[in-house]
2 protein chains.
Amino acid sequence: MAAKDYLAEERRNPAFDLHAMTNLIYGGPEKAEKWKELSRLVAADPVFRKDDKYHLSRPEAFKRALEKVKQAYKRVHELGLDAADSRLFRVLVDELQGSDLHHGMFIPTIEGQGTEEQKAKWLPLANSYAILGCYAQTEMGHGSNVQGLETTADYDITTQEFVINSPTLTSTKWWPGGLGKFSTHAVVFARLRTKGADHGVHPFIVQLRSLDDHRSLPGITVGDIGTKFGLGAYFTVDNGLLRLDHVRVPRDQLLMRYAKVSPDGTYSKPPHAKLAYGAMVYVRAGIVEGAGHYLAKAVTIATRYNAVRRQFGGKVGLETQIIEYKTQQHRLFPLLASAYAFTFTGKWMRKLYTEVIDQLNRGDVSGLPEVHASTAGLKALTTSFTADGIEECRKLCGGNGYLMASGLPDLYCAYVPACTYEGDNYILFLQVARYLMKVASQLANGEKPSGAAQYLGDAQRLCSVQCPAKSAADFLRPEVQLEALSARAARLVIGNGMRIQGAKNFEKAIADSAVEMVRMSRAHCQQIVVSKFIEQVQGDIEGRGVRDQLVLLCNLYAVSQIEANLGDLLEVGYLKPKQASWVHEALAELLIQVRPQAVNLVDAFSFSNHYLGSALGRYDGDVYTDLYARAWKEPLNSTDVVDGYTEHLRPLIKQQVWPVHSRL
Amino acid sequence: MAAKDYLAEERRNPAFDLHAMTNLIYGGPEKAEKWKELSRLVAADPVFRKDDKYHLSRPEAFKRALEKVKQAYKRVHELGLDAADSRLFRVLVDELQGSDLHHGMFIPTIEGQGTEEQKAKWLPLANSYAILGCYAQTEMGHGSNVQGLETTADYDITTQEFVINSPTLTSTKWWPGGLGKFSTHAVVFARLRTKGADHGVHPFIVQLRSLDDHRSLPGITVGDIGTKFGLGAYFTVDNGLLRLDHVRVPRDQLLMRYAKVSPDGTYSKPPHAKLAYGAMVYVRAGIVEGAGHYLAKAVTIATRYNAVRRQFGGKVGLETQIIEYKTQQHRLFPLLASAYAFTFTGKWMRKLYTEVIDQLNRGDVSGLPEVHASTAGLKALTTSFTADGIEECRKLCGGNGYLMASGLPDLYCAYVPACTYEGDNYILFLQVARYLMKVASQLANGEKPSGAAQYLGDAQRLCSVQCPAKSAADFLRPEVQLEALSARAARLVIGNGMRIQGAKNFEKAIADSAVEMVRMSRAHCQQIVVSKFIEQVQGDIEGRGVRDQLVLLCNLYAVSQIEANLGDLLEVGYLKPKQASWVHEALAELLIQVRPQAVNLVDAFSFSNHYLGSALGRYDGDVYTDLYARAWKEPLNSTDVVDGYTEHLRPLIKQQVWPVHSRL
Ligand SMILES: Cc1cc2nc3c(=O)[nH]c(=O)nc-3n(C[C@H](O)[C@H](O)[C@H](O)COP(=O)(O)OP(=O)(O)OC[C@H]3O[C@@H](n4cnc5c(N)ncnc54)[C@H](O)[C@@H]3O)c2cc1C
Ligand SMILES: Cc1cc2nc3c(=O)[nH]c(=O)nc-3n(C[C@H](O)[C@H](O)[C@H](O)COP(=O)(O)OP(=O)(O)OC[C@H]3O[C@@H](n4cnc5c(N)ncnc54)[C@H](O)[C@@H]3O)c2cc1C
Ligand SMILES: [Ca+2]
């Protein structure tokens, strides 16, 4: 840490116990300590350097990433980290890699869909990196519509093998992370056909490359699909393409925990269609927690820089900190509040996951549609919001945000595909809509919705009541906030329900009003985030001043969401125009209250300089020295006169390309 | 062009004369022909290849860009192109370069601020590329606040020179495009000091590099500031840093058209503070026209891909085109309409520029504050909207939009800094706000506002009237649309005016309600775009069906803006909730009407495949073949087994990094 702390003034009077807040964020003092300790270890290890990240070509970056995979594996074992901590370690290494898909998709798929035998065979190999795997579902012609996949797996009873084949260009597997160069194996999704019947899409373990020399096996055409958005970011992930030319795999490489094919080719269906929900809740809880985390990274960078940067209104060095400007606050602080909100939503979802698993184990699938809908919706809500929020943080830093050295462009490019993978967000909102339309029709029959949709049980009242707020201050009351967001969602649900009611073709009716459906689903999900944040803030919270800050952030989140959706609230007739103006007032007041603690509130996330990778987000705020030093490391600066001058610029300047005194 | 046109069906029945539309877009048949002819010439020239763009390192890309600068210069002269056509040529080369700043900032600054003598000396040198220049204003510590620049220029009466100096780290010039490696000269902005008095910031021509060998001159420290957002995009622009250590320039290198320093050091002020407005209107007209153009590029790519891409609801190959989905239409078609709207706003601004120059020449500066405000605001409105719109187009293409091969990430990264340079958009909106607050106070005195603010003369009525719409169809009437947007803007102006009224400190009052001020300025600018679009659509328009399509697009633009701002319209009490639901209905109907002509409407922009640089936006729609072919050109695919395998992956797979059967 440098001698001078340019943010010392901001840190002078923390209104709360930062350690306690950090503990809360990371789930207890041990976990928080672990986070900090591993942060230091990763930062200190030269293999994990990031300083030249934006100067490497893709092949150079890819090679470096492989070195990091190796080093991470080694360090994780040397340190004896358990599964959770080794995940933290890899998060801190902060490089997207094929190994993410190995751990995040390949292994979990085997765990979730493999029989005990299959797990006993494959998991030790995968866990020890003796094989490396990926998740190959999407095809060139088939993304959102998984049921439309073209790859086929025909059962050959004579050899007891599946013959896996990509018949067309559009059946080429296209996008799977880690597929192109990294993986030796893949879970390939293909249409299972036995005895002339097509049983739809199923997962098969397919070996792609030799374990001796990593060369692709006969019948396998595999490669990388090319560069993606950003400099760095996804350089190090080999999203791949794969064509299979009648590749044979043994029968027991169909993952058979649920659906089975017997040696004689008899197919047996999975006992229940909803069995996949458990895994989905797990993955989506991770994404929602991640949203809070990555948004916090961006907000940390923007907040620190906004407190250091000065512009207008004073002598040099004494100008106004740009964090004082109301427009900056109005754009930035709701993002800070959202980072906290999503962190807490993530915690709630993780708890939900345990409950889901419990229910599944008890054979109870009744609550699953609701859980599925709210987690799908929250994935969509939080990833879209976070992607936009990261980009807004970048803009909040003016020109310097546009430098890679700010760390923000990279964060955006690495994060934004979360809006697309694990379900395109619009598709997910439309799934939520289908669920909400069922709820609407059940309400008519007097049935009570469960879980996060419970508030809809009160729909009748919510559809007729008026906002009781009589002043700006009233909007700081949680019950007022919650009723507003609930009334909005309920009215949209009931309105859409009436529109759909009695439609002959349910799917078509949903499709025709898809725009309204998405609006409704978003409203439902915003209600969930606010209600869960409020619940958790009202629970057990330790440490001096921590609850006060969280109450403030929770108010800020709720009121900023209400402001952002005033159109809906007025349109559905719940709010009156006069009340809308109080919402603005309430928000303005909250921004003033958050301002003094803004830097402390981002510090509580405890991100190391290495992890942030940002000249603007440095802990000590010494941004100009850092920007200047980084500039000189730019390869273009390796010579005073740039390569190309002699061939191309000199002839121009020396007027050798076209006679002087041209007519231009 | 490939044999098969996958979009033939979409093109079968154009409801309008595409040629006539193209002529309208480019400003007449000759200009449209020129555009097409130059498009072909650039596409056919191997020097202008773009196919390996995303595989070059920055130094490689930079060198290539210099070659393109040379070739463009040569071709422009060989073809005998005039200034306007040579600009088109460089646009079509489609690479950001130092030469953009040379043409776009360096030369215009000399033209605008130089005396006749200075112009006679410097312009021929600059026009023939005997010198290359840039515009060096921003410093590390001073961006938006130009008056705070620290670089000093002290007049030395003994030698009749200015001594230019960067006293501190924060006074380092930081960001100027073309400064780092390309330019031999710069217009440097520095505080002019003579006889002990500081006269504020003035422009000086400073030589940076030797014209013999391009080495930086004594006293000059110059270099590149490092990589920026995106792979490619700004690789080829050397945004630079510059420190000046008591660098001496002759007195006549102060650009002295307005402010002057005589040999004895006597300073004379410019006759009028508003003289810079002419140049600003010119630059901003260019930016607004550019917004329509770049948005059209993104919309072309997304529209074509959305018509080719099929997902759900049918057998392979016969699934539904994703352009049929209502959510896609609701996101995409308003962007299409906006591309047209901004194109027309740009045309209006260009006409305005001629009028401004006329007025200035007549010594009439009365209308300038209004012109300044509306052009500043339109720059802010259109660039923010376009940047967001490009990114939305990318998301509309699902996963494949995330590939560089889609062309969309590059378009975004190259475009988005337009929100920051030539005035950060928030700062510009706050300038507009200051102007509108003056209008509000003048209204109280019975003065009538001029130009684009004229509608505010009707503020009293606009503040009391109710929206007359009695059905969805009523929202298709231009007078209804215009009144809605005018009423919204007027009410915000009057509301803010009352809030500010009588405030002791005008600046502070604006700063305290900056959030409301920005909301108001945006509303004002949206009113302008809609009113200018309506005006132009009602003017002379040639060609079968062209006007009908423009009326449709104008309706779509206006109604989508009304929908996006229902919150304001309801909050200010102009609309009733029931009317809001008609707005949704009206919009839904317009989307249906635009759908059949969507591909034709993007085709009318006449972008070549080379210019679009997109596998998804190809004219013939053969996207999968193209994506697949591009993938195989990825450098990572040059070998089956990736570089790094032997060193890093093999030891893992062979279990040499850590004993097998780890505890994990
Ligand atoms: C970085 C990244 C990593 C990935 N990793 C993997 C991986 O490891 N394994 C894997 O198998 N795949 C992976 N994918 C692929 C990913 O799962 C798909 O991109 C995703 O499912 C979306 O499908 P798509 O790209 O085909 O989009 P499409 O389905 O083509 O969607 C395009 C657009 O159409 C809209 N649309 C489509 N259908 C409808 C409808 N019925 N109603 C309304 N709108 C509709 C969508 O909302 C979207 O806006 C990855 C993708 C990315 C970008
Ligand atoms: C690609 C690119 C090319 C460029 N090219 C050139 C060039 O050729 N020549 C040149 O001289 N410069 C150039 N610039 C610099 C550019 O002009 C500045 O980035 C721009 O003026 C904004 O200044 P800043 O970056 O210092 O932002 P800042 O002024 O630091 O602004 C940061 C944030 O603070 C906010 N803010 C600041 N003041 C206020 C206020 N009073 N009220 C409310 N909010 C406020 C802004 O809205 C913004 O969100 C370039 C920049 C970029 C990104
Ligand atoms: Ca290289």
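This is a predicted model: local features need pLDDT of at least 70, side-chain atom pairs count only at pLDDT 80 or more; totals for chains, interfaces and linings use all residues.
Which residues of H3(B) are buried? They are B:Ala32, B:Trp35, B:Lys36, B:Leu38, B:Ser39 and B:Val42. If you look down the axis of H3(B), these buried residues fall within an arc of 170°, so they line one face of the helix. On the face turned away from that buried side you will find the exposed residues B:Glu30, B:Arg40 and B:Ala44.

How much of H16(B) is covered? Of its 24 residues, 20 are buried, so the helix is mostly covered.

One more stop in chain B is B:Phe385, a residue of helix H10. Is B:Phe385 buried, exposed or partly exposed? Its relative accessible area is 24%, and buried means under 20% while exposed means over 50%, so B:Phe385 counts as partly exposed. As for B:Trp632, it is 247 residues away from B:Phe385 in sequence, and the two C-alpha atoms are 35 Å apart in space.

Now to the ligands, starting with ligand 1. Where does ligand 1 sit? You will find it between chains A and B. There are 32 residues around it, and those that come nearest are A:Thr138, A:Ser144, A:Asp424, B:Arg309 and B:Gly399. Several elements each supply at least two residues of this shell: strand S1 (133-136) and helix H12 (425-444) from chain A, and helices H9 (326-361) and H10 (368-396) from chain B. By class, the shell holds 16 nonpolar, 12 polar and four charged residues.

From chain A, a polar side-chain atom of A:Thr138 is 2.7 Å from a nitrogen atom of the ligand. From chain B, a polar side-chain atom of B:Gln328 lies 2.8 Å from a ligand oxygen atom, and a backbone N or O atom of B:Gly399 lies 2.7 Å from an oxygen atom of ligand 1. Taken alone, ligand 1 exposes 970 Å², and the protein buries 93% of that.

Ligand 2 also has its place between chains A and B. Around it are 31 residues, the closest being A:Arg309, A:Gly399, B:Thr138, B:Ser144 and B:Asp424. Sorted by class, they comprise 15 nonpolar, 12 polar and four charged residues.

Which chain B residues make polar contacts with ligand 2? Among them is B:Tyr135, with a polar backbone atom 2.8 Å from a nitrogen atom of the ligand. A polar side-chain atom of B:Thr138 lies 2.7 Å from a nitrogen atom of ligand 2, while a side-chain N or O atom of B:Ser144 is 2.5 Å from one of the ligand's oxygen atoms. Ligand 2 taken alone exposes 980 Å², of which the protein buries 93%. The elements giving two or more residues to its shell are helix H9 (326-361) of chain A and helix H12 (425-444) of chain B.

Definitions and conventions
Residues are numbered from 1 along each chain as its sequence is written. Chains are lettered from A and ligands numbered from 1 in the order in which they are written. Side-chain values use heavy atoms; hydrogens and water are left out. A residue is near a molecule or strand if one of its heavy atoms lies within 4 Å of it. A polar contact is a pair of N or O atoms within 3.5 Å; within protein, one must be able to donate a hydrogen and the other to accept it, and residues adjacent in sequence count only if both atoms are side-chain atoms. Accessible areas come from the Shrake-Rupley method with a 1.4 Å probe; for residues, only the protein chains shown count as cover. Helices (H or I, at least four residues) and strands (E, at least two) are DSSP runs, numbered from the N terminus. Ala, Val, Leu, Ile, Met, Phe, Trp, Tyr, Cys and Pro count as nonpolar, Asp, Glu, Lys and Arg as charged, and the others, Gly among them, as polar. Buried means under 20% relative accessible area, exposed over 50%, partly exposed in between (1.4 Å probe, protein chains only). The arc is that of the directions from the helix axis to the C-beta atoms.
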